[in-house]
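Subject: Structure handover

Hello,

Here is the structure for your files. Please open it alongside this note. My findings follow below.

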Amino acid sequence: MKMISTLLAGLLAGSFATLPALAADKAQAASAHAGAQGGIDWRKDNNVDAAFAQAKASNKPLFLYWGAIWCPPCNQVKATIFNRQEFIDKSRHFIPVYLDGDTPGAQKFAAQFKVRGYPTMILFKPDGTEITRLPGEVDSERYLQVLTLALNTTMSAQDTLKLALAGGKTLKNEDWSLLADYSWDDPEQKLVADKEVIVTLLKLSDISPPGLNATRLYMRALFAAATARPGQTVPAIDKPQATDKIVKALSDPKTTRDNMDLVAGAAAELTEFLTTAKSDARSKLVRTWNAALVTLADDASISKTDRLGAVGAQVALATLDNAKPEAGLQKDVQKRVAQIDQATTDAYERQSVVNAAAHALGDVGLLDDSDTLLKAELKRSHSPYYFMSTLGSNAKKRGDKVAAANWYEQAYNAAKGPATRLQWGSSYISNLVDLAPEADARIEKAVQSVLTEVAKVDNVFYERNRAYLEKMGKKLVSWNKDGKHQVAFTKARGQLDGICAKLPANDPQKAVCQGVLAKS
């Protein structure tokens, strides 16, 4: 392990020596993230209502981008889609709105438009009707195809879905493509009730004309079933038949390439869902899937992050059933990471690439190599606190609780932006409760710090903020369930009560505030 770490460190040192522009890129990324990039005339204020009024007056669609400076997929979109001339040209035909999660009032707008996860991209008609939610996980070519179809359609996704479920006889291939590429995995999507997502996808895959769209809808249905959220209806699935269909899809290069996001993103989950451990069916599926993943990992026409995603999927398959990855796979991961790291100079793309690379290394059992990569990137990243959290996760995997807690604390201290700091602060507290439950003074200090910041932010109890505060609250309530930490808990409760008391009685935030530390 030590020799492997030294080898990677040498490779990384060589690669970083070729990146003189990164220091400038770092400053540029921080200032340009929410502004006009590559000629896109983004509306970067938080007056979304005015943007919709502009769209209506000009009879143009409105493109809403919801993101954050630190999030790897957001940086991937910026590096591979927003910088393309084709997208820049298309942006002349809609009102482009960039809503940063840390912008004042952004979380309240997010609740209004049902967006939470970063990135979320929605195309609206001039009258405000949602046309479609665009996928952020597909490659740039497919994304631009979907955007073009959405701009040219006369129907909303809701209307298209109704016609499809009624038999779809009047729908064109383009309509089915929009349904196949809709962001069905977004918990905030508004096409169907969350509990009906899996059933709806299966119905659509049956109704859709045979071909790539039907296959994509079927794969998405299976993945949704494999990762079903509480309350979602999971119908009976003929798993041997489904396995055969997946093997057939994976054996076709075009189908694999067109469904790259699912092939890389659903490998382990679908394999585990459809087959039993150590069975012939699992072995066959894993062999077929690995062959498809190697093809994707070698495909220079797709983004570096997506190629690393294929590598990570190979690792996930190799470690199913608690198996240990073989040395050959570890060496392959090292080699691919070093090559892609050396070739990546764009600051936005590095935020995404380094994230994927660090996780691939860590998951394949090379935590030291992952740490080396992450620590080197701290000086170069425009959002180093994101990688500090990953270093905390690596330390946690090692069982080094002290180091893990310290990394999570450093990440919180370095985080910037009100929503981001709230997220990192609540995550620090939640991890601290797990790692050092006896450290009452430290936990009390962290809670006091987060709540002090909460008190200074307007409209703080909405969307992502609300979710992270409620998660933190449940963790603290559980921590004190036997009353052993009553002093610290009472102080936190008192501080929160003071915040809640200042909210008007008719403000919907008041009930949310009062429920953060309430016992369930």
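**Alanine 518 and its surroundings**

Leaving aside residues up to four places away in sequence, alanine 518 touches Val477 and Arg493; contact means heavy atoms within 4.5 Å. This is a predicted model: local features need pLDDT of at least 70, side-chain atom pairs count only at pLDDT 80 or more, and totals for chains, interfaces and linings use all residues. Residues are numbered from 1 along each chain as its sequence is written, and side-chain values use heavy atoms, with hydrogens and water left out.

Alanine 518 sits in the segment after helix 27 (508-515). Helices (H or I, at least four residues) and strands (E, at least two) are DSSP runs, numbered from the N terminus. Alanine 518 is partly exposed, at 37% relative accessible area. Here buried means under 20% relative accessible area, exposed over 50%, and partly exposed in between (1.4 Å probe, protein chains only). Glutamate 470 is 48 residues from alanine 518 in sequence, and their C-alpha atoms are 9.6 Å apart in space.

**Helix 25**

Helix 25 covers residues 463-479, 17 residues in total. From first C-alpha to last it reaches 24 Å, close to the 24 Å expected at 1.5 Å a residue. The expected span is 1.5 Å times one less than the number of residues. Buried residues in helix 25 include Leu469, Met472, Gly473, Leu476, Val477 and Trp479. Glu463, Arg464 and Asn465 are buried there too. What covers these buried residues? The cover includes strand 1 (62-67), helix 6 (106-113), helix 23 (418-435), helix 24 (440-454) and helix 26 (486-501).

**Salt bridges**

Side chains of opposite charge can pair when their charged atoms come close. A salt bridge here is a side-chain nitrogen of Lys or Arg within 4 Å of a carboxyl oxygen of Asp or Glu. By this rule there are 30 salt bridges. Some of them:

- Arginine 257 pairs with aspartate 139, with the closest N and O atoms 2.9 Å apart. Arginine 257 lies in helix 13 (residues 253-258) and aspartate 139 in the loop between strand 4 (130-134) and helix 7 (140-152), so the pair ties together parts that are 118 residues apart in sequence. Aspartate 139 is buried, at 11%. Arginine 257 is partly exposed, at 22%.
- Arginine 229 pairs with aspartate 194, closest N and O atoms 2.5 Å apart. Arginine 229 is in the loop between helix 11 (212-226) and helix 12 (239-250), and aspartate 194 is in the loop between helix 9 (173-180) and helix 10 (197-207), so this pair ties together parts that are 35 residues apart in sequence. Arginine 229 is partly exposed at 26%, and aspartate 194 is partly exposed at 25%.
- Arginine 84 meets glutamate 86 at 3.7 Å, N to O. Arginine 84 is partly exposed at 22%, and glutamate 86 is partly exposed at 35%.
- Glu130, Arg133, Asp186 and Lys190 are linked in a network of salt bridges.

**Serine 91**

Is serine 91 buried or exposed? Serine 91 counts as buried, with 5% relative accessibility. Its place is the loop between helix 5 (85-90) and strand 2 (95-100). The serine 91 side chain reaches the backbone oxygen of isoleucine 88 at 2.5 Å. Serine 91 also touches Ile40 and Pro96, not counting residues up to four places away in sequence.

Best regards

Terms used: A polar contact is a pair of N or O atoms within 3.5 Å; within protein, one must be able to donate a hydrogen and the other to accept it, and residues adjacent in sequence count only if both atoms are side-chain atoms.
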